[in-house]
Amino acid sequence: MLQALIMLVVVVVAAAALVVQGRRDAEHNARNRSLAAAEGFAHAPGTALALRSPDPTARLQAAAERARRGSGVDFITVLDKQGVRLTDPEPALIGTKAQGVGRAAAGEAFTETFHGRPTDAVRAVVPVTDASRRVVGMVSAGIQFATLGHVLNQQLPMLLGSAGVALALATGGTALVSRRLLRQTHGLGPAEMTRMYEHHDAVLHAVREGVLIVGGDGRLLLANDEARRLLGLAEDADLRQAAELGLGPALSRLLVSGEAASDEVVPVGDRLLAVNTRLTAPYGGAQGLVATFRDTTELTALTGQAEVARGRLSFLYEAGTRIGTTLDVRRTAEELSEVAVPRMADFVTVELLDSVLRGEEPTSAVDRMRRTALRGVQAGHPLQPVGDLIRFVVADTPMVAALQRGKAVLVPDLHAARDWRAQDPEGARQALDYGIHSLITVPLRARGIVLGMVNFWRGADSARFEEEDVAVAEELVARTAVAIDNARRYSREHAMAVTLQRSLLPSGLPDQDVLEIASRYLPAQSGVGGDWFDVIPLPGFRVALVVGDIVGHGLHAAVTMGRLRTAVLNFSSLDLAPDELLGYLDEMVTRLDAQTETADDDGAPLTGATCLYAIYDPVGGRCTLSRAGHIAPAVVDVRGTVTFPDLPLSPPLGVGGHPFEAGELDLPEGSRLILFTDGLIEDRGRDIDEGLEMLCSAVAEAGRTPEDTCRILVETMLPERPSDDVALLVARTRLLDPSKVATWDVPFDAMAVSQVRTDVSRRLADWGLEESAFATELILSELLTNAIRYGAPPVRVRILLGRTLVCEVSDRSNTSPRLRRAATTDEGGRGLFLVSQYADRWGTRYAADGKVIWAEQTLGRTREPDVTALIEEMAW
């Protein structure tokens, strides 16, 4: 088989080499043929003259086709000096520009393997020169790769056939030679003969079991080294009668009788040997016997010890799988007691420091511990119950000694241990009367720090503890200590992360009148995550809704969420459009990731975080949304119909290089907008499509409040302990009463300011806001004057009445006014200062076609300006 395999490899390699060589030869021939065809046509009489004619295509197309057919190439193409095809076998390519012919345009003829349009080929490009050696055009000729492959495919059957014949001949010859060798060795190959010798040598010298072969006449034919050692045979024992070897009557009888025996223990000298005998007649040759010997003198003594050790190892393995299954300190202590009772002890008590139970760092004061776990084989025992405070105040007790030494203390007989009774004589007497008589006490330590104490007790029906039990107890407690310390540290970090996250999430929803909002946040089973939401009131009674999802869980995710939420709050204060805000947020995430990469810390990158930012305008019910890798919201209309609007989707934050887009929705009054993270709809048992269908079924009912919607979604969509955290925000829309909105288009003339001021005063009187008229007129005059003086038409004024009074002036200019202190010699520059004095808030926001300057006043309260500041500002 090896020879056949070698021949197969040789034949395959030879065939592959021939194929590669054929391919290379074909390509080389193609280069030569292409170059010959291109040079022949380029230097043909009349080619250069035809290129200078008014219609070179008409004169050269037919000649090029004849030359192509005569030379056997796939194409001959004539190009002008710029590489534009003048002729081609495919007329559709005439007029198109060829690639990679710059060298020929510079006067150099070359051949190459070309990859590109219109097809891959081996081509030659030759310049065409006139009598003065100037390049007037180029000729490209070549053969396509498909043609080369067709030629090679015609040669493959012959190559493969030859390879198959060679392989068959080699295999047949190998088989004939192997058959002759087998006949000569009676069917045994070289490997089998070698193996027989190796086995014989191993039996004689290497096998650690004695072997004797006794012939049919009772003579010793063979004895290996181990048999000579165990039986004490002399050097000349071969061919002597077995009965004369001095092996003792029992063993001599087995060797002479010719009977089969299995593991019969026979004394030989000071040893106990397990003897097996078998007859050799069924396996060929004369009647004989084979005997094997094993020394069982030490095995009998070790068997009991091995069983005990095996039981202890099995016990420790089981303990490793059952202790520390949860990250709960109390449950881990209970698991220790459940494992140890009754296999190791009749009663187990576990005491822990109060600081450990609270998840804090252990203190150095270890004289007071809280009993955390207790388990026994019987009820009614006198041991103190779970929850009691255990004090270690007497220095002579085994518990205090174990704490001081840092290792286990064994008290095999509690009746004789007077120091054990010192701390609680009455309790000790009750324990002894109950039958408890033996104790191992072990300090529960991790990282060299004491976390608690574990006591193993045995009762009247159990044997005393021995020194071997101490090692098992220490190993068991050491594993438990690691698990308890991990649980304590997890509890502390989890509490810190939860506290941090709750401080970073919104503590309450802000006051506003245009959306009825309800929200939920549910942490994941594995701890806190990075999902978050926010509700941000904006000028003009608009409201921004935000939902985001940070990759990962834990403290880092919570901190990252806080950073992004703070960034969104800061960017929203600039009153940016949703797509523009996400663009700034994306740049910030990119910079933070770059800093993380250069800082060599273990912080996870922010790339992959998703965010959905929406702005709802109650004037008209228009909602503008932009999302960075986030799931689209659900919209439930007043009839209960659920839709998922097709909004532009941009990559997650931090990817970079992609612009963010915004979409718009018209939301009638009473519509519900549901924003959520993927933890609501995705789970281990369902995909996103199934989750969306479940969400539609859960919310498809008219008239539900946002609070009811949140409650139903949580009850329907989420298990008791979700695998991912969930942020949910439900908003029901309201529209601003049209009677509370007034709009005027203002002519681009300063003289029109007085008329608009009069109209606004009349409207304020209709609304019953005469006390706000003066301040509003002053604010409006200054904003309109600025818009007409520095802005661009058209100019529009809009007054909105809600819980506050908002005055807006818009124009087509993108210049932003800014507050400054005018000099005494300035004729202007005091308008915005007056606005800031009379308005509670003011600012600028940009639209797609200009800007809007707004000012907001609180109803029922006219702000008193700073008189001193006004006098100083107005002083000349």
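How many bridges join strand β20 (residues 622-628) to β24?

Analyst: Four bridges join β20 to β24, and the two strands run antiparallel. The model is predicted, so local features require pLDDT of at least 70 and side-chain atom pairs pLDDT 80 or more, while totals for chains, interfaces and linings use all residues. Residues are numbered from 1 along each chain as its sequence is written, and side-chain values use heavy atoms, without hydrogens or water.

Strands here are DSSP runs of E of at least two residues, numbered from the N terminus; two of them pair if DSSP finds at least two bridges between them. Strand β24 spans residues 663-666, and Gly663 belongs to its covered face together with Leu665. The uncovered face carries Glu664 and Asp666. In a regular strand the side chains alternate between the two faces of the sheet.

Nine of the ten residues of β4 are buried, that is, under 20% relative accessible area with a 1.4 Å probe and protein chains only. Strand β1 (residues 75-79) pairs with β4 through five antiparallel bridges, and strand β3 (residues 121-129) pairs with β4 through nine, also antiparallel. Ser140 in β4 takes part in both pairings: Thr77 stands opposite Ser140, and Val125 has Ser140 as a bridge partner. Between β3 and β4, five residues complete a hairpin, and Arg133 in this turn has a positive phi of about 65°.

Notes:
Buried means under 20% relative accessible area, exposed over 50%, partly exposed in between (1.4 Å probe, protein chains only).
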